[in-house]
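Subject: The structure for you to look at

Hi,

Here is the structure I promised to pass on. Have a look at it first, and then read on for what I found.

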Amino acid sequence: CDSRLNIKDQVLVLSIGDVSKAYPLKVLQQERIVNDTVSGVNLVVLSGSNRSLGAAIYVRKEKTFGLPADYDPESGLPKSLFDTDGSEWQLTEEVLVSVADPSQTLQRMPSHQVFWFGWFAFHPDTELFEGP
């Protein structure tokens, strides 16, 4: 097994085409939000509280997202995000929705949480997010 993580560390994983990437939950819980690019697709990766293993990945297109100033990390995933233009986006299970223009949506990406050893066994070429 790969030694970059402990075998039972939990990771949030996704595959886009032939590229796979793993985000350790312990790193995501520290960062809370990560603007990243995988296989040419711009993504925003979110994590909830230390008590909750909730995490999600959405397409972000050309936007860069940040958390609201009043976000409480103990409350789980944020209910909204703000892009660099100051526009608010609401989180749903399927999409991010622009508050100003609800016709603008950004899709949630298929992802799931697994143990590192299980993912790495089937995806040995996976990229690993190790922090900013």
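How much accessible surface does the protein have, and what share of it belongs to carbon and sulfur atoms? The accessible surface comes to about 7,100 Å², and carbon and sulfur atoms account for 50% of it. Please keep in mind that this is a predicted model.

On overall form, the C-alpha atoms fill a box of roughly 45 × 30 × 25 Å along the principal axes. A compact globule of 132 residues would have a radius of gyration near 14 Å, and the protein's 15 Å agrees with that. Of the 132 residues, 44% count as buried. Among contacts between residues at least 6 apart in sequence, 49% join residues at least 24 apart.

As for secondary structure, there are 2 helices and 12 strands. Starting at the N terminus, the elements follow the order β-β-α-β-β-β-β-β-β-β-β-β-α-β.

The part I would look at next is an open sheet of 5 strands, ordered β6-β7-β8-β9-β10 with antiparallel pairing. Its edge strands are β6 (65-66) and β10 (105-107), each of which pairs on one side only. Inside this sheet, β8 (residues 88-91) and β9 (residues 95-98) run antiparallel and are joined by 3 bridges.

Finally, the charges: the protein has 11 positive and 18 negative ones, and the mean positions of the two groups are 4 Å apart.

Technical notes
Residues numbered from 1 in each chain as written. Predicted model: local features only at pLDDT ≥ 70, side-chain atom pairs only at ≥ 80, totals over all residues. Heavy atoms only, no water. Pairing = 2+ DSSP bridges. Helix = DSSP H or I, 4+ residues; strand = E, 2+ residues; numbered from the N terminus. Rg over C-alpha atoms; globule rule 2.2 N^0.38 Å. Buried < 20%, exposed > 50% of the residue type's maximum accessible area, 1.4 Å probe, protein only. Contact = heavy atoms within 4.5 Å. Areas by Shrake-Rupley, 256 points an atom, 1.4 Å probe, with all protein chains shown as cover. Lys, Arg positive; Asp, Glu negative; His and termini not counted. Charge placed at Lys NZ, Arg CZ, Asp CG, Glu CD.
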